[in-house]
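Please open the model in your viewer and keep the selection panel at hand.

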Amino acid sequence: MSSQVYAQPRRLADCHMHTVLCGHAEHSIEEMVATLEASSLAGGIITEHLPLPDEVDSDRVVSMYPGELPSYVTALQVLRERSPLADNLVIGAEADWRDIDPQWTERSVADARAAGVEVVLGSVHMLGNWAFDDPNKIELWDSKDVDEVWEQYFTAWCCAASSGLFDVMSHPDLPKKFGYLPKDPREYYVEAARVAAEAGLLCEVSTAGLRKPCAELYPAPLFLAELARRKISFTLASDAHSKEEIGYRFESAVEALAAVGVTEQAFPKRDGAIDWLPLS
Ligand SMILES: [Zn+2]
Ligand SMILES: [Zn+2]
């Protein structure tokens, strides 16, 4: 038998990864990129959390410091120059939609794009100043009506999706993270899919949910089916907060997409270009 080892062809792209800059992830930009290069993935997008205002992140545990954006972009540009991934290493960022201050979000995204960020993820982590997915703020859920939180979330999500600010919507049903579920989420799925289709947005299939108490992909199977029915295209996302999480359980995402008839993933690149990568 031949002992020659053939390199596996690279496939799939991880379109959502974090670094130590945000204050709650483990590895440097260099370590994340090196791990991506050594993986079997075709490429990926580093998508650090953009700076947040002091009133929501006074301890700097959720987002990068405001002054760090230029050096973050430069570091990725320098790494890309010498990376075998070349243009398949994409400079991204994760932006927060603030329902109480959409103009703030607009400025945040404009600053990011002006600094050289190529792909912007749109995330709703906050309702008012409550970061409902933050484990340190989980006790607030007990004082809330779960159905009302979901209603508020999807109202905010639809505003975010139709704002024209984002390239991809992250973890679309994030309020389920800790297992707080509404009586019947279906009407939210239908409306969100309609709005996303109208806006021509990409949505993530995120395997981060598999690591959380909800223990399922974002979006849930029925939501994914509704998005697919509306011909939304999908990225794959680990939401890695450590290098070990890069490409985390992507086979589960591929399986879920195959089940709703999707055969390729979208990989957004510079200048609004999209590569279409076969899932199998
Ligand atoms: Zn994060
Ligand atoms: Zn993220």
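Predicted model: local features only at pLDDT ≥ 70, side-chain atom pairs only at ≥ 80, totals over all residues.

Which residues in α1 meet which residues in α2? Select I29, E30 and V33 in α1 together with A75, L76 and L79 in α2, for these meet one another; contact requires C-beta atoms, placed from the backbone, within 7 Å. Residues are numbered from 1 along each chain as its sequence is written, while chains are lettered from A and ligands numbered from 1 in the order in which they are written.

By class, the contact of α1 with α2 comprises 5 nonpolar, no polar and 1 charged residues (Ala, Val, Leu, Ile, Met, Phe, Trp, Tyr, Cys and Pro count as nonpolar, Asp, Glu, Lys and Arg as charged, and the others, Gly among them, as polar). Helices (H or I, at least four residues) and strands (E, at least two) are DSSP runs, numbered from the N terminus. Display α1 (residues 29–38) with α2: they pack at an angle of about 35 degrees, with their axes 10 Å apart. Axes are lines fitted to C-alpha atoms, for helices over the stretch in contact, and angles run from 0 to 180 degrees between N-to-C directions.

Next, select D59, in the loop between β2 (43–49) and α2 (69–81). D59 counts as exposed because it has 8 C-beta neighbours inside 10 Å; a residue is buried if 20 or more other C-beta atoms, placed from the backbone, lie within 10 Å of its own, exposed if 12 or fewer, and partly exposed in between.

**Strand β8 and its partners**

Move to β8 (residues 202–206), where 5 of 5 residues are buried. One side carries L202, E204 and S206, the other C203 and V205, and all are buried. On one flank, select β7 (residues 168–169), which runs parallel to β8 and is joined to it by 2 bridges; strands pair if DSSP finds at least two bridges between them. Here V168 stands opposite L202.

Then display β9 (residues 233–237), which is parallel to β8 and joined to it by 5 bridges. S206 stands opposite A237 in β9. Follow the chain from β8 through helix α6 (residues 221–229) to β9: this β-α-β crossover is right-handed, that is, with the strands pointing away from the viewer, the path from the first strand over the helix to the second runs clockwise.

**Two loops**

Select P175, in the loop between β7 and α5. P175 is buried because it has 24 C-beta neighbours inside 10 Å. Its contacts, not counting residues up to four places away in sequence, are F132, V149, W150, Y153 and Y180.

In the loop between β8 and α6, select P219. A cis peptide bond joins Y218 and P219, with omega about -5 degrees. A215 is found in that loop between β8 and α6 and has a positive phi of about 50 degrees although it is not a glycine. Most residues other than glycine have a negative phi, and most peptide bonds are trans.

**The hairpin**

Finally, select β10 (residues 264–268) and β11 (residues 274–278), which pair in the antiparallel sense over 5 bridges. F267 stands opposite D275 in β11. Between the strands, D271 takes a positive phi near 55 degrees, and D271 counts as exposed because it has 6 C-beta neighbours inside 10 Å.

How values were computed: Contact = placed C-beta atoms within 7 Å.
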